[in-house]
Amino acid sequence: MTSQHRIRRRMTATTPVVLSLLLLLFVLAALSLGDRAMARMAAETLIRVTFVVGFWVFVGNSGVVSFGHAAFGCIGAYVSAWLTLRPEMKATLLPGLPEVIAAADWHVLPAAVAGGGVAALVALLTGAAILRLSGIAASIATFAFLAMVNTIWANWTSVTGGTSSVVGLERYVTPWVALGWAVAAILVAALHAASASGLALRAAREDEVAAAASGIDRYRHRLLAYTLSAFFCGSGGALMGHFIGVINPDGFYLGLTFLMLAMVVIGGVGSLSGAVVGVLALSIAVEGLVRLEKGISVGAVTFALPPGSQEIILAVAMILILIFRPAGLMAGREVMLPARWVAGRASRET
Amino acid sequence: MSLQLVFDALALGGIYAVAALGIALIFGVMRLVNFAHGQFIACAVFALIVPSTDALAVLGLGALPAPVLVPLILLIGAGLAVLAEALVFRPMRNASPVALMVGSFALGVALQNLLLALYGGRPKAVSLWAELGQPVQIASASVPLLQLIVIAAVAVILAGLALMLRKSRLGLEMRAAAEDFTMARMLGVRSNRVISGAFALSGGLAAVVALVLVAQTGVADVRMGGQIMLVAFIATVVGGMGSLSGAVAAGLGIGAASALLQAGLPADARPFRDAFLYGGVILVLLFRPQGLFAPVGAKPRV
């Protein structure tokens, strides 16, 4: 029986590897088409993978829907911008920054890590309050947190530039950089999900009372997952900023929240693979819809969807999935190598 | 000055209370946190004007005299909510509260983009009952007539609803359903009727909020329901999820706190008023995670 268990463990360990290979294939396919637009789309998709996998670490394991993770993206993006913009630019654009930050001229990689780190710190502090609430009330409190961050960022003009955008971020995010972050996020998410804390959190999600009776302190495990997930959403936000080159508080508000939720719901919130598959499926669908909105010429006739139909179609698709396939496309399963492939030595040992 | 503040607080708190009641009614009967409520409000606002993407708004229904217009808009709000229930939430009846919440969020996004496609994204000037803006002198305060009407209307609505919930059959069934839905059904409460009724009431309340917002601001904006919906959510959480009177009390309280902060904060800090407000709410919840007026049924039973 132990060998059965061991095979199962090995299969679980293959999930992040298979997912990373899937993303690698996706990048290679997008790049081999040679189109610059495709390369951009690939990079954007992989940034979203970083984001959504980070989001899933909390939502998937705890079962609490968070509306606040876009705010962590906002924090990460601005921290990275504060640290990497040229000091002379900051002096004119953002005169209210403290001395140390105004003089900072960091390399982009530590800046992205710092963005995630600050987001994680904010998550640790706010989560300590929010996660004491029960599931639904906690969701609403995360929504209040999102609105709070957005209000502060839109009005603290001397430090954040207010509603006008911060421009001139170094655009270094190629599909390969984004792939690196996405793979890191997947690895960490898989490690966390398989850890004792991840297991305890999922147990508490399934049955709060039984888990508490088994000595699980749900609050502590929730807070850990929240902090970890905020780290990847923060660095995802930093990547997003350095991908587009321009950041704005409203770029990290309800639109992004909706997209992340739609991706997780359509892919299936029950598994890490669901989150990744959801991002890939929706990114490809969104790309198609955006092209349709711009118009496609068939012969002499240009055929175009009215603007805004992209969101309507996504929202309707999301509702249909919720009604007819509530567990999402992956229905809670993980992609993994078949038992035969990983059994090899283990089955001979017995 | 201080009397003025009392009127501001009452008017703002009253609107928040009505919005919070719209959320709490639906949560009470089917454990749904309705993220589309803000869009119900926006739809009721835009029902006043003729669909077009032009910058200039042409009043359609809004040009009707008030005694016809008000019931008509209330009916439109109620109809929209009942329709949403039949199309989206009825097929999801057995889904978890989390799935319902995500579904309502998607519905809200769909409605918002539908409005964007029909009316364009720019805010439009709408003058509805402009003559109500003139001030009335009461003791030391000069209060806009509209504010007095809002306060009176909110008082009438709250009293009417309280009476309906206590005396009528539907009200009794709703309270029973909020207490224990399964048990209520076993005792002969028809779930579809109760749930449709709750949605109709909630949609009507959204329409009230819409009318007041338009008359106060003179603007129709696709995003206008969002902020008030957020406050209404917070009020339902602070009041204790599922407690109607708690939602009303918390709505009034948040409105009063908001008016006080607006008057009391130094000018530099005023743009951050809402951030202080939300921060304060999180603080309250730290000490009373179940809300201030948690109903008996709120605790999970083993």
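## Briefing: chains A and B of a predicted model

Both B:Asp274 and B:Arg273 are buried, and the side chains of these two residues meet in a salt bridge with an N to O distance of 3.2 Å. The structure described here is a predicted model.

**The interface of chain B and chain A**

- Contact between the chains involves 38 residues of chain B and 35 residues of chain A.
- The size of an interface is often expressed as the accessible area that is lost when the parts come together.
- Here, about 3200 Å² is buried between chain B and chain A, and 89% of this area lies on carbon and sulfur atoms.
- Of the area that chain B buries against chain A, 17% is supplied by B:Val102, B:Phe105 and B:Ile282, more than by any other three residues.
- Four helices of chain B, namely H3 (66–89), H4 (97–119), H9 (224–239) and H11 (273–287), each supply at least two residues of the side that touches chain A.
- Helix H4(B) makes the largest contribution to this side, with 14 residues.
- When the residues on this side of chain B are sorted by class, 34 are nonpolar, 3 are polar and 1 is charged.

**Salt bridges**

- Over all chains, the count of salt bridges comes to 10.
- In chain B, B:Glu85 and B:Arg93 form a salt bridge in which the closest N and O atoms are 3.0 Å apart.
- B:Glu85 counts as buried because its relative accessibility is 0%, under the 20% cut-off.
- B:Arg93 has a relative accessible area of 23% and is therefore partly exposed, as this value lies between the cut-offs of 20% and 50%.
- B:Glu85 and B:Arg93 also belong, together with B:Arg90, to a network of salt bridges.
- In chain A, a salt bridge joins the side chains of A:Arg205 and A:Glu206, with an N to O distance of 2.9 Å.
- A:Arg205 is partly exposed, at 30% relative accessibility, whereas A:Glu206 is exposed because its relative accessible area is 58%, over the 50% cut-off.

**Annotated transmembrane regions in chain B**

- An unreviewed UniProt entry gives the annotation "transmembrane region" to residues 6–28, 40–62, 68–89, 98–121, 141–165, 194–216, 228–254 and 275–296 of chain B.
- The span 68–89 of chain B is 100% helix and 0% strand, with its end C-alpha atoms 31 Å apart.
- The span 228–254 of chain B is 85% helix and 0% strand, and its end C-alpha atoms are 11 Å apart.

**Annotated transmembrane regions in chain A**

- For chain A, UniProt (unreviewed entry) lists residues 42–59, 66–85, 108–131, 136–156, 176–202, 223–245 and 312–331 under "transmembrane region".
- Residues 108–131 of chain A are 96% helix and 0% strand, and the end C-alpha atoms of this span lie 32 Å apart.
- Residues 176–202 of chain A are 96% helix and 0% strand, with a distance of 33 Å between the end C-alpha atoms.

Conventions:
Residues numbered from 1 in each chain as written. Chains lettered and ligands numbered in written order. Predicted model: local features only at pLDDT ≥ 70, side-chain atom pairs only at ≥ 80, totals over all residues. Heavy atoms only, no water. UniProt positions renumbered as here; feature names shortened; annotations may be inferred. Contact = heavy atoms within 4.5 Å. Buried area = accessible area lost by both parts, 1.4 Å probe. Nonpolar A, V, L, I, M, F, W, Y, C, P; charged D, E, K, R; others polar. Salt bridge = Lys/Arg side-chain N within 4 Å of Asp/Glu carboxyl O. Buried < 20%, exposed > 50% of the residue type's maximum accessible area, 1.4 Å probe, protein only.
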